[in-house]
Amino acid sequence: MKNTLAMQQFKKAYQDDALEVAVYGASPVGLIVLLYEGAIRAIQQAKVLMKNERHSEKTHMINKASDIVEGLRVALDHSHDANLSMNLEDLYIYVKFRLGVANMKNDPEILDEVANLLSVILPAWQEVAKTQHANQLSSQKTAP
């Protein structure tokens with residue numbers, strides 16, 4: 001029993017350290033990728049909790065996803081590409097609204113809808129992160 005508890009604590013500590021390394025090592029776009037992944041993961045967990053009628057935990061995970069999406073919305077920079085950022089803002093507002101409806105109605109189909117919306121956009125952010133990383137590596141190789 002004691003050994004199991006120690007293993008759980010070790011696993012949690014390892015996960016926390018891995019997350020910290022990922023966050024501190026990530027570029028701004030890399031952080032966006034991590035946030036999208038976190039929101040999608042929270043939505044998927046909320047769906048499982050919803051099906052198992054674990055309502056308070058489901059609500060916690062939906063709130064977590066909603067908070068992440070709100071963070072993405074607030075971080076938008078409208079000075080670069082106003083059209084794109086306004087479209088993303090509209091999407092984030094819609095996702096937050098739908099998460100609230102899913103929570104109130106206990107509707108897993110709505111959770112699927114918003115997870116799919118975020119999952120469609122995630123590869124674009126991943127590609128931007130990959131391109132930025134490749135450009136950084138390239139510039140480091142050519143630097144004197």
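Which residues is L111 in contact with, leaving aside its neighbours within four places in sequence? I looked this up first.

**Entry: ground rules.** I noted that this is a predicted model, where local features need pLDDT of at least 70, side-chain atom pairs count only at pLDDT 80 or more, and totals for chains, interfaces and linings use all residues. Residues are numbered from 1 along each chain as its sequence is written, and side-chain values use heavy atoms, with hydrogens and water left out.

**Entry: L111.** I found L111 in contact (heavy atoms within 4.5 Å) with I43, A46, K47, M50, I62, L99 and A102, sequence neighbours within four places aside.

Entry: Buried means under 20% relative accessible area, with a 1.4 Å probe and protein chains only. This core has 32 residues, and Y36, I43, Y92, L99, L111 and L118 touch the most other members. Helices α2 (28-51), α3, α4 (82-105) and α5 (108-142) each supply at least two of its residues. The most come from α2, with 10 residues. Helices here are DSSP runs (H or I, at least four residues), numbered from the N terminus.

**Entry: α4.** I read off buried residues in α4, among them Y92, V95, L99 and A102. Just after α4, N106 takes a positive phi of about 50°.

**Entry: S66.** I placed S66 in helix α3 (residues 55-74). S66 is buried, with a relative accessible area of 15%. Leaving aside neighbours within four places in sequence, S66 is in contact with K96 and L99.

How values were computed: Buried < 20%, exposed > 50% of the residue type's maximum accessible area, 1.4 Å probe, protein only. Core = buried A, V, L, I, M, F, W, Y, C linked by side-chain atoms within 4.5 Å.
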